[in-house]
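Colleague: Could you walk me through a few features of this model?
Modeller: Gladly; here it is.

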Amino acid sequence: MENNSDFLEIAGKKFKSRLIIGTGKYASFEQTREAIEKAGAEIVTVAVRRVNITDKSKESLLDYIDPKKYFILPNTAGCYTVEEAVRTARLAREGGGYDWVKLEVIGDEKTLFPDNAGLLEATKILVKEGFTVLPYTNDDPIMAKKLEDAGAATVMPLGAPIGSGLGIRNPYNIKIILEMASVPIVVDAGVGTASDATIAMELGADAVLMNTGIAGAKDPIKMAIAMNHAVKAGRLAYRAGRIPKKLYATASSPIEGVIE
């Protein structure tokens with residue numbers, strides 16, 4: 001049974017769903033909308049540089065997503081410098097009134113790993129300007145803490161490189177980040193299938209963000225449903241508390257009192 005009081009809370013806002021959905025790579029806006037719905041997502045990320053979110057006279061993904069039903073989170077995907085990322089966030093606020101931003105400052109075109117130094121600088125700038133900043137970073141506990149100290153509302157460490165589908169490559173770093181953090185931790189990037197999402201949640205992540213894992217599946221709608229269940233199952237298992245791992249077997253049935 002779901003616990004209706006178990007909310008994801010970011011910067012004072014509460015969300016029932018712990019699955020955050022990206023909106024790139026789908027075959028159509030209609031498919032994007034259906035995948036979001038089937039995933040049970042409430043927060044939807046939209047790339048400012050790739051999707052028209054400021055000119056209401058042109059067709060946009062936002063024509064297919066009800067802003068009363070979903071929380072739109074602009075992101076700075078495709079930005080390789082501090083200046084580009086900051087300018088893109090400002091554009092989203094000036095053109096669409098968005099003061100939350102999923103912040104990306106990419107450091108390398110091949111791996112799409114974050115430029116953490118640039119990310120930290122951009123976070124500081126945007127926090128000072130009143131943005132609620134959700135930075136995408138490497139699975140580095142030290143950088144995660146620096147971003148939190150800079151005022152980030154969440155920290156979003158990668159599970160694996162963007163779009164790789166490799167799953168959680170370094171669960172130990174994720175666990176350290178979770179232990180050190182006092183803001184929500186959202187595992188972002190690298191999820192390939194439902195079990196990856198479940199593992200992230202079982203580690204104690206507050207939420208999982210994914211795009212390619214759903215959009216790139218042979219059947220994105222079925223995968224959206226699977227991810228919906230996976231995140232819920234992982235969260236419930238985490239809250240239930242798993243049994244400790246042991247080297248040797250332990251009898252399932254007690255042997256005390258058995259008549260010889």
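**A loop residue and a helix pair**

Modeller: Asn138 lies in the loop between strand 7 (132-137) and helix 4 (141-149). Helices (H or I, at least four residues) and strands (E, at least two) are DSSP runs, numbered from the N terminus. This is a predicted model: local features need pLDDT of at least 70, side-chain atom pairs count only at pLDDT 80 or more, and totals for chains, interfaces and linings use all residues. Residues are numbered from 1 along each chain as its sequence is written, and side-chain values use heavy atoms, without hydrogens and water.

Colleague: Is Asn138 buried or exposed?
Modeller: Buried means under 20% relative accessible area, exposed over 50%, partly exposed in between (1.4 Å probe, protein chains only). Asn138 has 18% relative accessibility, so Asn138 counts as buried.

Colleague: Which residues is Asn138 in contact with, leaving aside its neighbours within four places in sequence?
Modeller: Contact means heavy atoms within 4.5 Å. With those neighbours left aside, the partners of Asn138 are Phe113, Pro114, Asn116, Pro157 and Leu158.

Colleague: Are helix 3 and helix 4 roughly parallel or roughly antiparallel?
Modeller: Axes are lines fitted to C-alpha atoms, for helices over the stretch in contact, and angles run from 0 to 180 degrees between N-to-C directions. The axes of helix 3 (residues 116-128) and helix 4 come within 9 Å and cross at roughly 15°. Angles under 35 degrees count as roughly parallel, over 145 as roughly antiparallel, 65 to 115 as roughly perpendicular and the rest as oblique. Therefore helix 3 is, relative to helix 4, roughly parallel.

Colleague: Which residues in helix 4 do Asn116, Leu119, Leu120 and Thr123 meet?
Modeller: These four residues belong to helix 3. Their partners in helix 4 are Met143, Lys146 and Leu147.
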